[in-house]
Amino acid sequence: MRPVIIHIDGPDKTGKDSIRRNVVQECKGEALVYVRSFLSQIVYSRLYNRKINENWFFHKWRNAQMSGEKFFFIDCSYELVKQRFIKHNEDDLDIKDWKDHRRVFYDVLKEASEKGIQINRIDTTIDSIEISAKNIIEEIT
């Protein structure tokens with residue numbers, strides 16, 4: 001495996017940090033893995049009315065992709081996320097807001113696609129965290 005930079009984004013409780021841990025462990029130091037990258041910066045600026053230069057983020061995102069960095073969007077069903085909220089006793093985000101957050105992620109993903117930015121989608125409703133991490137590793141090798 002050659003060294004690679006990986007970006008993982010997605011709404012809360014979709015499995016991003018768990019997947020990151022597995023990827024880092026399996027890559028044995030050959031991958032730098034960011035959670036909450038360009039995509040999340042744009043999404044949360046919109047959700048919380050923070051003024052950022054979105055074009056700058058899209059430009060940096062595109063350049064990173066062109067230099068070989070890999071991007072993954074982690075998704076999950078509402079029902080499974082709801083179970084995870086209950087299991088982890090989440091206080092910082094109301095599960096009712098999660099659908100709005102997910103919608104904004106999809107809006108920004110569509111805009112990114114229109115700008116030529118490719119992002120791989122992984123659904124932790126279908127695949128376990130371990131399988132999802134394995135799929136990322138297969139994509140980067």
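Predicted model: local features only at pLDDT ≥ 70, side-chain atom pairs only at ≥ 80, totals over all residues.
Residues are numbered from 1 along each chain as its sequence is written, and side-chain values use heavy atoms, with hydrogens and water left out.

Start with the largest pocket, which has a volume of about 270 Å³. A pocket here is an open set of points on a 1 Å grid over the protein atoms alone, where a 1.4 Å probe fits, with protein on both sides within 12 Å along at least five of seven lines; lining residues have an atom within 4 Å of a point. The volume is the space filled by probe spheres set on the points. There are 14 lining residues, and Lys13, Thr14, Gly15, Lys16 and Ser18 sit nearest the centre. Two elements, α1 (16-27) and α4 (78-88), each give two or more residues to that lining, with α1 providing the largest share, four residues. Helices are DSSP runs (H or I, at least four residues), numbered from the N terminus. By class, the lining has eight charged, four polar and two nonpolar residues.

Stay with α1 and look at its partner, α6 (residues 129-140): the two pack at about 50°, axes 9 Å apart. Axes are lines fitted to C-alpha atoms over the stretch in contact, and angles run from 0 to 180 degrees between N-to-C directions. That pair is therefore oblique, the label for whatever isn't under 35 degrees (roughly parallel), over 145 (roughly antiparallel) or 65 to 115 (roughly perpendicular). Contact means heavy atoms within 4.5 Å; on the α1 side the residues include Ser18, Ile19 and Asn22, and on the α6 side Ile129, Ile136 and Ile140 are among them.

Next come α2 (residues 38-47) and α3 (residues 54-66), whose axes come within 9 Å and cross at roughly 165°. They are therefore roughly antiparallel to each other. Among the contact residues are Phe38, Leu39 and Ile42 of α2, along with Phe57, Phe58 and Trp61 of α3. The contact divides into seven nonpolar, two polar and three charged residues.

Finally, α3 also packs against α5 (residues 95-114), at about 60° with the axes 11 Å apart. That makes α3 oblique to α5. Here Glu54, Phe58 and Trp61 of α3 meet Val108, Glu111 and Ala112 of α5.

Technical notes
Nonpolar A, V, L, I, M, F, W, Y, C, P; charged D, E, K, R; others polar.
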